[in-house]
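Here is a report on a single protein model and its ligand.

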Amino acid sequence: MTPDKKNDMKLDLNIQPLSSWIKTGAEPLVIAGPCSAETEEQLVATAHLLAKTGRVSALRAGIWKPRTRPGEFEGIGSIGLQWLKRAKDETGLPTAVEVANSKHVEEALNAGVDILWVGARSTVNPFTVQDIADALKGVDVPVMVKNPVNPDLSLWIGALERINNAGITKLAAIHRGFSSHEKSAFRNEPMWDLAISLKTHAPNLPMINDPSHICGNRELLGYIAQKALDLDMQGLMIESHIDPSVAWTDAKQQVTPSALVELIERLTLRKPEIKGTVLQDKLGELRNQIDKIDDYVFQKMAERMQIIEKIGNYKKENSITILQVNRWEEILNKRIPYAKALKLSPEFAEKLLELIHSESIRKQTEIMNKGQEGQQPQEHLTHA
Ligand code: PEP
Ligand code: MN
């Protein structure tokens, strides 16, 4: 392949359905277990409680923990694999661990681990992902790939492609939220649009939501889990510990197995639409209405852009600058209260105006530079 010619948004994954590698009967599909395997007793006792709920399809546990700072608990290491083996033998639950290099892959496979996952701090690094992928060549094991720490869809897609190219077809994505400088109620911003975008690029790729690492606390778990199911994600990965108050890692976000069951029971499973039903007729009718409104919005946008062109020509003839900050402020000051009155959120209104405004500026720049091509680089002006 020639350098940088790849269309990074085209995803052609060869994937087997989720039901080919994990029990999907219990609704919703739940993978649960402690953030870290700490002691044999803690892991095995948690596994028994989780198995007894009848709601859990696989047992997760971190053995090698990627920690942000050195000196924190970095996982119990290989010995934990033997504990997982015992937990599986006694409960029948298949097991899942995070792998961060080829050595982890080898050890986990040798110890009979059923499912592997690539953590958020590994997905960010193509060298790490490739190292893991190389160790997976010729192996038939399910692999789940967490989104990268930073909100970069291509990195997530790239990691899935590397694993898939190694011959792994039992593949899933895990949505665990993204780092953000914005202060929010979440440990990691869900940025649902990124997860939806991945689903749009690879409709047959199962997606599992990890509310534990999105929330960073117990209180919001149900809210995020419900939203994930409503967005048609195929399952949940939730951290569960026999006694979260004394957990060695992620204590604030883990729940006891009984709290996990309560959480699952409060979730509403909404059915995907079924063709030929009254429900679908109604949905179809409402979607028709939306389509008509969207057509109208586009038509009006085109009209707006025609006026922008006139303004651009006028500014060019009279040597007036494209951007006038006062005008932008005036637009915002007039429209935001109007949007509020129409019950549109101010954030949405501002984003929409910004998008429209930056396209208008782009158009005017084009007009201004007509006849001077090659003299200036093409630039996008935004208000970000
Ligand atoms: C984990 O699952 O415990 C973990 C370390 O998650 P993440 O890679 O999403 O931070
Ligand atoms: Mn954790």
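## Ligand contacts

The side chain of lysine 65 places an N or O atom 2.8 Å from an oxygen atom of ligand 1. That counts as a polar contact, meaning a pair of N or O atoms within 3.5 Å; within protein, one must be able to donate a hydrogen and the other to accept it, and residues adjacent in sequence count only if both atoms are side-chain atoms. Arginine 60 also takes part: one of its polar side-chain atoms lies 2.7 Å from an oxygen atom of ligand 1. Alanine 120 uses its backbone instead, with an N or O atom 2.9 Å from an oxygen atom of the ligand. Ligand 1 exposes 290 Å² when taken alone, and the protein buries 97% of that. These areas come from the Shrake-Rupley method with a 1.4 Å probe; for residues, only the protein chains shown count as cover.

The model is predicted: local features need pLDDT of at least 70, side-chain atom pairs count only at pLDDT 80 or more, and totals for chains, interfaces and linings use all residues. Residues are numbered from 1 along each chain as its sequence is written, chains are lettered from A and ligands numbered from 1 in the order in which they are written, and side-chain values use heavy atoms, with hydrogens and water left out.

## The shell

Which residues surround ligand 1? They are Cys35, Arg60, Lys65, Glu98, Trp117, Gly119, Ala120, Arg121, Lys146, Arg176, His213 and Glu239. A residue is near the ligand if one of its heavy atoms lies within 4 Å of it. The shell divides into seven charged, three nonpolar and two polar residues. Here Asp, Glu, Lys and Arg count as charged; Ala, Val, Leu, Ile, Met, Phe, Trp, Tyr, Cys and Pro as nonpolar; and the others, Gly among them, as polar.

## Salt bridges

The whole structure holds 18 salt bridges. Each is a side-chain nitrogen of Lys or Arg within 4 Å of a carboxyl oxygen of Asp or Glu. Arginine 60 pairs with glutamate 239, with closest N and O atoms 3.4 Å apart. This pair links distant parts of the chain: arginine 60 sits in strand E2 (residues 58-60) and glutamate 239 in strand E8 (residues 235-239), 179 residues apart. Both arginine 60 and glutamate 239 are buried. Buried means under 20% relative accessible area, exposed over 50%, and partly exposed in between (1.4 Å probe, protein chains only).

Aspartate 250 bridges to arginine 187 at 3.1 Å between the closest N and O atoms. Aspartate 250 lies in the loop between E8 and helix H10 (257-266), and arginine 187 in the loop between strand E6 (171-175) and helix H7 (192-201), so the bridge ties together parts 63 residues apart in sequence. Aspartate 250 counts as buried because its relative accessibility is 19%. Arginine 187, at 40%, is partly exposed.

Arginine 362 is partly exposed at 24%, and glutamate 359 is partly exposed at 29%. Elsewhere, salt bridges with shared partners join Glu40, Arg86 and Glu90 into one network.

## Overall build

The protein has 13 helices and eight strands. Helices (H or I, at least four residues) and strands (E, at least two) are DSSP runs, numbered from the N terminus. Of its 384 residues, 43% count as buried.

The assignment gives domain 1 (18-266) and domain 2 (278-369). Such bounds come from an automatic or database domain assignment. The C-alpha centres of the two domains lie 41 Å apart.
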